[in-house]
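Colleague: Thanks for making time for this; could you walk me through how the two chains meet?

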Amino acid sequence: MATSTWGTWTSTTSSTAISATSMWYSWNDANATDYTAATSATCDTWTVWTSNDEPMYINDVVWTEIEKPTHQERMQSEILKEWSSHIRAEKKVEKDSAEKKAKDLLLDLIGEDELKIYEKTGRLFVKGKKFDYIVINGGKVQKIEKDKITDLCVHLAERSKYPPTDNVISLKLAIEAEEDKVLKLANNHGSRDLPEELPLAACM
Amino acid sequence: MSEMSIIASIDLYDILPPLFKSNFSEGDTKVIWDPENAEETEAMEELYDSLVERGFTAYKVGKAGKQTKVQVKEFDPELGKLIMIPKIVGG
């Protein structure tokens with residue numbers, strides 16, 4: 001393939017000029033006969049492309065025709081989309097209903113006023129025999145000591161199978177009844193100074 | 001009447017005694033039984049044992065936290081309100 005370059009920038013003549021409507025006039029690959037310029041006009045264009053070499057190509061552009069889906073394939077795809085969205089909606093209803101049940105169970109344990117705070121903050125204050133804790137609905141547990149807070153990671157096995165509040169209830173019961181066991185299981189994710197004020201949390 | 005709330009996943013359905021299968025639902029499953037009813041009590045004892053075998057722990061609780069939560073080591077039909085929770089792990 002030839003490696004010609006544009007040689008001259010012109011408007012309507014072969015002389016170098018710059019104007020708002022200038023066009024490439026002369027193709028220069030050291031062979032002045034390689035081109036035929038457009039006729040003089042306000043907006044010149046190439047009319048004939050010639051080369052002494054092989055025919056010129058714009059690299060290797062390959063045109064392929066994308067096969068259009070058949071009507072049946074389109075229908076299948078629509079049905080699949082519809083079905084997936086239906087399944088997702090159904091799962092969400094199940095999850096919401098499971099979480100509501102978990103909150104009803106928590107209501108039995110902490111009462112209506114505290115449940116309102118829990119719903120607002122997603123945090124439950126739990127008193128152990130040794131330390132206090134904040135169990136967070138997202139899955140974290142914070143151990144509160146006199147001068148520091150420690151992030152612990154401890155939760156129900158296969159946590160994702162349960163609504164978040166079931167995890168909170170389970171940790172609350174386990175901490176209150178078997179704090180040492182919970183502390184032994186928990187992984188310590190680091191401590192920091194106790195802030196002046198603890199975040200709002202439901203308690204009992 | 002005694003009451004057991006079981007925090008369990010779908011697997012619970014398989015181990016629920018036929019008598020209480022209809023109680024199963026996503027989230028916790030609540031089973032209420034009459035300690036005076038021998039058939040119900042026997043079914044609950046079987047369920048309790050199979051849950052403990054699977055790593056569940058039972059806690060006796062009272063409403064609005066008025067009673068101390070205690071871990072239950074043995075099934076007693078007169079326990080009142082129980083919550084069974086699955087295994088807890090460190091993350």
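This is a predicted model: local features need pLDDT of at least 70, side-chain atom pairs count only at pLDDT 80 or more; totals for chains, interfaces and linings use all residues.

Colleague: How many salt bridges are there between chain A and chain B?

Modeller: Residues are numbered from 1 along each chain as written, chains are lettered from A in the order written, and side-chain values use heavy atoms without hydrogens or water. A salt bridge here is a Lys or Arg side-chain nitrogen within 4 Å of an Asp or Glu carboxyl oxygen. Between chain A and chain B the count is 1.

Colleague: Which residue of chain B forms a salt bridge with A:Asp108?

Modeller: The closest N and O atoms of this salt bridge are 3.3 Å apart. The partner of A:Asp108 is B:Lys81.

Colleague: How much area do chain A and chain B bury between them?

Modeller: Buried area is the accessible area (1.4 Å probe) that two parts lose on being put together, summed over both. Carbon and sulfur atoms carry 60% of it here. The total is about 2500 Å².

Colleague: Which residues of chain A lose the most area to chain B?

Modeller: Together they make up 22% of what that side buries. They are A:Lys101, A:Asp108 and A:Leu173.

Colleague: What is the bridge partner of A:Leu156 in S6(B)?

Modeller: Strands are DSSP runs (E, at least two residues), numbered from the N terminus, and two strands pair if DSSP finds at least two bridges between them. S8(A) and S6(B), residues 88-90, run antiparallel and are joined by 3 bridges. For A:Leu156, the partner is B:Ile88.

Methods:
Helices (H or I, at least four residues) and strands (E, at least two) are DSSP runs, numbered from the N terminus.
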